[in-house]
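Welcome! Take a moment to look over the protein shown here, and then we will walk through some of its charged side chains together.

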Amino acid sequence: MRAGGEGLSAGGEGLSAADEILDIVDENDRLIGQSPRGEAYARGLRHRCVFIQARDAEGRIFVHRRTPIKLVFPSLYDMFVGGVVGAGEAYDTAALREAEEELGVTGLPLPRYLFKFLYDDGAGQTWWSAVYEVRCDLPVQPQAEEVAWHDFLPEDEVRRRLSDWEWVPDGLAAYERLRAFRSKG
């Protein structure tokens, strides 16, 4: 489950991430209700997330290892930045917000939308996942409470590490779909 900005909600300073209100959607990504994030996670309510692949000027992919205190997927590696889409927030808006928050930068170009898919882990956790890409030529300063390690890695190294490192499962699913998407283009 994507979990960017776990300390504070996007629009509610002082609220915990579990209190952040999310739009709950159906299998066609149509709004059917709203719920606090903590309840949505606990009950497996379908919501919306964004995945942004950030590359530097040399085309290397931003890869990071999540801290052990993350709400979901602690200590796992990810090749995307991203997180949940807040209630009433557009995917595009969430993509820019999450990319800047997680990379620790301001002034990124608007991430480019690529495609959307329904992630389902087969165990009751499912969310609509919009995949984006963005070029980041700025020096990154990820939040220490969210990112234990980071680097920009060449794509061939990311591929080599797929079997060596433990990756967040939704990010791995997005990466596989992104590779298929690019091979068709």
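## Salt bridges and their surroundings

The structure holds 21 salt bridges, a salt bridge being a side-chain nitrogen of Lys or Arg within 4 Å of a carboxyl oxygen of Asp or Glu. Side chains of opposite charge can pair when their charged atoms come close. This is a predicted model, in which local features need pLDDT of at least 70 and side-chain atom pairs count only at pLDDT 80 or more, while totals for chains, interfaces and linings use all residues. Residues are numbered from 1 along each chain as its sequence is written, and side-chain values use heavy atoms, leaving out hydrogens and water.

- Lys-116 and Asp-29 join their side chains in a salt bridge, at 2.7 Å from N to O.
- This pair links distant parts of the chain, 87 residues apart: Lys-116 sits in strand S7 (residues 112-120), and Asp-29 in the loop between S1 and S2.
- Helices (H or I, at least four residues) and strands (E, at least two) are DSSP runs, numbered from the N terminus.
- Asp-29 is buried, with a relative accessible area of 10%, whereas Lys-116 is partly exposed at 34%.
- Here, buried means under 20% relative accessible area, exposed means over 50%, and partly exposed is in between (1.4 Å probe, protein chains only).

**Asp-26**

- Asp-26 lies in the loop between strand S1 (21-25) and strand S2 (31-36), and Asp-26 is buried, with a relative accessible area of 10%.
- The Asp-26 side chain reaches the backbone nitrogen of Asn-28 at 2.8 Å.
- Apart from its neighbours within four places in sequence, Asp-26 is in contact (heavy atoms within 4.5 Å) with Ile-32, Arg-46 and Trp-128.

- Arg-159 and Glu-155 form a salt bridge at 3.5 Å, N to O; both lie in helix H3 (residues 155-161), 4 residues apart, about one turn of the helix.
- A network of salt bridges links Asp-156, Glu-157, Arg-160, Arg-161 and Asp-164.

**Lys-184**

- Where is Lys-184 found? Lys-184 belongs to helix H4 (residues 169-184).
- Lys-184 counts as exposed because its relative accessibility is 74%.

Methods:
Polar contact = N/O pair within 3.5 Å; in protein donor to acceptor, adjacent residues only side chain to side chain.
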